[in-house]
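Dear colleague,

I am passing on the structure we spoke of, and below it you will find my notes on what turned up when I went through it. Please read them with the coordinates open beside you.

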Amino acid sequence: MKTLDVITIGRSSVDLYGAQVGGRLEDMGSFQKYIGGSPTNMAAGTARLGLKSALITRVGDEHMGRFIREELAREGVDVRGVVTDPERLTALVLLGIRDETQFPLIFYRENCADMALCEEDIDPAFIGEARAVVATGTHLSHPRTEAAVLKALHLAREAGAQTALDIDYRPNLWGLAGHGAGESRFIESAAVTAKLQATLHLFDLIVGTEEEFHIAGGTTDTIAALRAVRAVSAATLVCKRGPMGAAAFSGAIPDSLDEGEAGPGFPIEVFNVLGAGDGFMSGLLKGWLDGEPWPVALTYANACGAFAVSRHGCTPAYPSWEELQFFLKRGVVTPALRKDAALEQVHWATNRHGDRQTMRVFAFDHRMQLEAMPGADARKIGAFKELCLAAALQVAEGQPGHGILCDSRLGRRALHRAAGTGLWIGRPVEWPGSRPLELEPEIGPDFGGLSEWPLEHVVKVLCFCHPTDTPEMQAAQEATVTRLFHASRRNRLEFLLEIIPSKVGPVDDETSATLIRRFYEIGIYPDWWKLEPFTTDAAWAGACAAITENDPHVRGVVVLGLDAGEAELAASLALAARHDLVKGFAVGRTIFADAARGWLAGEMDDAAAIEMMAQRYRRLCALWDAARGTRGLAA
């Protein structure tokens with residue numbers, strides 16, 4: 001039994017993509033950070049399509065190396081083959097989008113970690129787990145990395161695995177162009193041609209652009225180059241033709257590229273060609289390893305390439321399997337795919353990281369409730385929130401399914417300390433008690449404050465709203481929520497929308513469902529909903545239906561506490577747990593109120609406050625787990 005579908009081998013870097021579009025790389029003011037390098041992109045791209053993927057490479061023993069390893073794991077890639085190099089730095093690439101034809105990039109790869117890959121890094125047992133091994137051309141450019149690749153290929157073939165090559169020709173990575181020529185795609189070189197031709201017989205599939213087959217075949221006549229490759233390899237050759245799609249040749253090379261097997265191309269706007277080939281290869285590998293005929297595999301490949309050229313970044317642009325199926329079924333609505341709202345929602349929602357099936361959240365984002373307590377001031381409230389965090393970490397013990405809600409204005413130190421602990425972190429933005437909704441000053445009038453947030457933080461906003469609001473109130477609040485939602489997406493932050501209609505007017509079983517549908521109607525797609533603890537099953541059924549009928553990919557719902565007593569809250573959680581969409585709770589004062597009053601008044605020390613809150617939080621976690629474990633069929 002093969003436990004892996006594909007292992008890719010070779011380059012791994014951090015891509016720093018210029019956030020500004022239409023200018024020189026010299027003029028970029030900020031950058032977005034992604035994983036990069038063709039084999040790394042392909043490992044993540046195939047994982048998104050449902051393949052069990054792994055990567056063999058090296059990364060540095062530093063922050064960027066850890067980023068690559070962690071991001072790959074979040075994408076579902078097996079990282080057992082990612083070796084940490086104690087002596088070398090992780091490779092970096094700076095990239096930009098100048099216009100429709102110019103995409104400047106600089107490779108920072110001097111003695112980088114992945115170029116230290118060696119034969120000792122290739123584990124025969126690991127290679128033996130894979131149905132296919134994919135190499136890229138760059139790692140044939142140095143004797144040490146070439147030896148590692150050749151060892152992996154020979155082991156794969158001995159183990160009955162298929163092998164593939166993405167020619168991936170970058171002249172300056174072969175020492176044929178200067179550091180400023182990273183964008184260069186073709187320089188003739190007899191030495192490179194000879195090096196490639198010495199290995200082409202080891203592959204079952206060879207993929208490249210026309211220029212890449214020119215270097216592999218030793219001639220700029222594409223048909224002649226393909227025939228030269230065919231003379232030394234029986235592999236299926238797939239020649240990428242840009243907007244004309246691609247052609248596959250399993251046998252003799254005909255007189256025209258048009259005579260190859262092909263899949264349909266897609267009429268889309270070219271925004272960014274960087275990483276398009278790796279997206280194409282990801283789709284091709286999915287079809288190839290699934291045993292699809294070449295026209296189907298090429299359809300997958302062309303579509304994945306279309307996604308890549310339409311979006312910012314390489315790996316972040318690649319589709320999930322569900323997204324790919326949605327696109328192929330529905331087709332192109334607008335040539336600028338990144339401006340297709342329905343497609344972008346599927347892309348966002350089906351490529352989120354992390355398993356969030358259980359949400360036990362300790363909410364201590366409260367501000368005005370703590371400020372009203374005797375003995376409170378900003379400094380003491382901040383110190384108390386650090387105790388809340390200590391209680392949360394004590395209960396979580398590093399296990400998933402726990403989280404916090406914590407603000408930045410009063411709880412900044414606790415918020416910063418929570419980073420990297422494994423806790424889910426929600427962060428409020430509303431000015432406490434505001435109606436119409438106003439935001440904390442730190443967000444700024446242009447909402448630019450979100451650009452300073454860590455990507456692990458979730459934007460949480462509480463809106464006191466009701467179906468009977470005046471048109472003026474409704475318009476004001478919806479405008480703020482709309483701007484906030486889009487600012488969150490632009491900054492790659494998940495979004496939690498909390499609604500509490502009971503504080504505004506009378507409620508029935510349809511009140512929250514009506515509000516939920518209205519937010520979807522104006523284009524708001526929260527990753528999370530935070531809802532009141534309903535008292536009837538009908539209210540829960542209506543709210544859940546309103547969500548799922550509009551967004552089948554939503555993360556889920558958490559139940560708020562409203563300062564309920566533990567017994568009352570237990571009954572609420574038991575009712576909510578009957579519905580699969582409800583993932584847990586986000587409760588605050590039930591846990592911290594008594595401890596806060598005692599500690600702020602000087603009647604309780606740190607240890608006692610932490611212990612009281614930890615006990616209450618732990619009991620609520622147990623109540624939720626029991627309710628979820630004993631529930632009947634979800635409504």
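Let me begin with Arg518, which is partly exposed, with a relative accessible area of 26%; please keep in mind throughout that this is a predicted model. The side chain of Arg518 meets that of Glu521 in a salt bridge, at 2.8 Å from N to O, and Glu521, at 61% relative accessibility, counts as exposed. Both residues belong to helix α16 (residues 511–521), where they are 3 residues apart and therefore separated by about one helical turn.

Side chains of opposite charge can pair when their charged atoms come close.

A second case is the salt bridge between the side chains of Asp340 and Arg330, at 2.3 Å from N to O. Asp340 lies in the loop between α10 (321–330) and α11 (341–350), whereas Arg330 is in helix α10, so the pair ties together parts that are 10 residues apart in sequence. Asp340 is buried, with a relative accessible area of 5%, while Arg330 is partly exposed at 30%.

Lys385 and Asp407 also meet through their side chains in a salt bridge, at 2.3 Å from N to O. This pair links distant parts of the chain, with Lys385 in helix α13 (residues 378–396) and Asp407 in the loop between β15 (402–405) and α14 (412–417), 22 residues apart. Both Lys385 and Asp407 are buried.

As for annotation, the unreviewed UniProt entry assigns "domain: DUF2090" to residues 323–627. Over residues 323–627 the chain is 44% helix and 13% strand, and the end C-alpha atoms are 34 Å apart.

Turning to the strands, an open sheet is formed by 4 of them in the order β3-β2-β6-β7, with mixed pairing. Because β3 (31–36) and β7 (105–108) stand at the edges, each with a single partner strand, one side of each is left without a neighbour in the sheet. On average, neighbouring strands of this sheet are turned by 20° against each other, direction ignored. Strand β2 (residues 13–21) pairs with β3 in the antiparallel sense over 6 bridges, and the bridge partner of Ser13 in β3 is Gly36. Helix α2 (residues 63–75) packs on the sheet, touching β2, β3 and β6 (91–97), and its direction makes about 65° with that of β3.

Notes
Residues are numbered from 1 along each chain as its sequence is written. This is a predicted model: local features need pLDDT of at least 70, side-chain atom pairs count only at pLDDT 80 or more; totals for chains, interfaces and linings use all residues. Side-chain values use heavy atoms; hydrogens and water are left out. UniProt positions are given in the numbering used here, feature names are shortened, and annotations may be inferred rather than shown by experiment. Helices (H or I, at least four residues) and strands (E, at least two) are DSSP runs, numbered from the N terminus. A salt bridge is a side-chain nitrogen of Lys or Arg within 4 Å of a carboxyl oxygen of Asp or Glu. Buried means under 20% relative accessible area, exposed over 50%, partly exposed in between (1.4 Å probe, protein chains only). Two strands pair if DSSP finds at least two bridges between them. Axes are lines fitted to C-alpha atoms, for helices over the stretch in contact, and angles run from 0 to 180 degrees between N-to-C directions. Contact means heavy atoms within 4.5 Å.
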